[in-house]
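Colleague: Can you walk me through this one? Keep it short and plain, please.

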Amino acid sequence: QVQLVESGGGLVQAGGSLRLSCAASGRTFSSYAMGWFRQAPGEEREFVATILWNGGSTLYADSVKGRFTISRDSAKNTVYLQMNNLKPEDTAVYYCAAGSWSTSLKNYNLWGQGTQVTVSS
């Protein structure tokens, strides 16, 4: 069964840090891009960051650039999102996704169940 499973969300104060993990299983993801997206209540799902599994090239949304870092561990088949200097506006459900190299969620066809991140002021 091909699946992505996120973990690492939680409640943190503004200025704090969290690291999200996305464990991928069921197939080889070496030809994929792995993205993180987020969706706040009442808002559309938006792009956060993406990484090419093979090569490690990355892209970030302007809103997180310099604060978030996406990485992958091929041995563990896991993608990470290190989030530093968190702000209340980062509060959202964070989703991991696999697909084509893109910032558009339309190009990602495999999604995890999401993990909640709440940043208190």
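Modeller: Start with a term. A salt bridge is a side-chain nitrogen of Lys or Arg within 4 Å of a carboxyl oxygen of Asp or Glu. Keep in mind that this is a predicted model.

Colleague: OK. How many salt bridges does that rule give?

Modeller: The count is 4. One of them joins the side chains of E46 and R38, with N to O at 2.7 Å.

Colleague: Is R38 buried or exposed?

Modeller: R38 has a relative accessible area of 6%, so it is buried. E46 has 37% relative accessibility, so it counts as partly exposed. The cut-off for buried is under 20%.

Colleague: Which salt bridge does R38 make with D90, and at what distance?

Modeller: The side chains of D90 and R38 meet at 2.9 Å, N to O. D90 sits in the loop between β8 and β9, and R38 in strand β4 (residues 33-39), so the pair ties together parts 52 residues apart in sequence.

Colleague: And how accessible is D90?

Modeller: D90 is at 1% relative accessibility, so it counts as buried. Leaving aside neighbours within four places in sequence, its contacts include F68, N85 and V117.

Colleague: What about R67? Where is its partner?

Modeller: R67 forms a salt bridge with D90, and the closest N and O atoms are 2.8 Å apart. R67 is in the loop between β6 (58-60) and β7, while D90 is in the loop between β8 and β9, 23 residues apart. R67 counts as buried, because its relative accessibility is 9%.

Colleague: Which residues end up in one network?

Modeller: R38, E46, R67 and D90, through salt bridges that share partners.

Colleague: New topic. How many disulfides are there?

Modeller: The structure holds 1. C22 and C96 form it, with sulfur atoms 2.0 Å apart. C22 is in strand β3 (residues 18-25) and C96 in strand β9 (residues 92-99), so the pair ties together parts 74 residues apart in sequence.

Colleague: Left-handed or right-handed?

Modeller: Left-handed, because the torsion about the S-S bond of C22 and C96 is about -75 degrees. C22 and C96 are both buried.

Colleague: How many bridges join β7 to β8?

Modeller: There are 6, and the two strands run antiparallel. T69 stands opposite Q82 in β8.

Notes. Residues are numbered from 1 along each chain as its sequence is written. This is a predicted model: local features need pLDDT of at least 70, side-chain atom pairs count only at pLDDT 80 or more; totals for chains, interfaces and linings use all residues. Side-chain values use heavy atoms; hydrogens and water are left out. Two strands pair if DSSP finds at least two bridges between them. Helices (H or I, at least four residues) and strands (E, at least two) are DSSP runs, numbered from the N terminus. A disulfide is a pair of cysteine sulfur atoms within 2.5 Å. Buried means under 20% relative accessible area, exposed over 50%, partly exposed in between (1.4 Å probe, protein chains only). Contact means heavy atoms within 4.5 Å.
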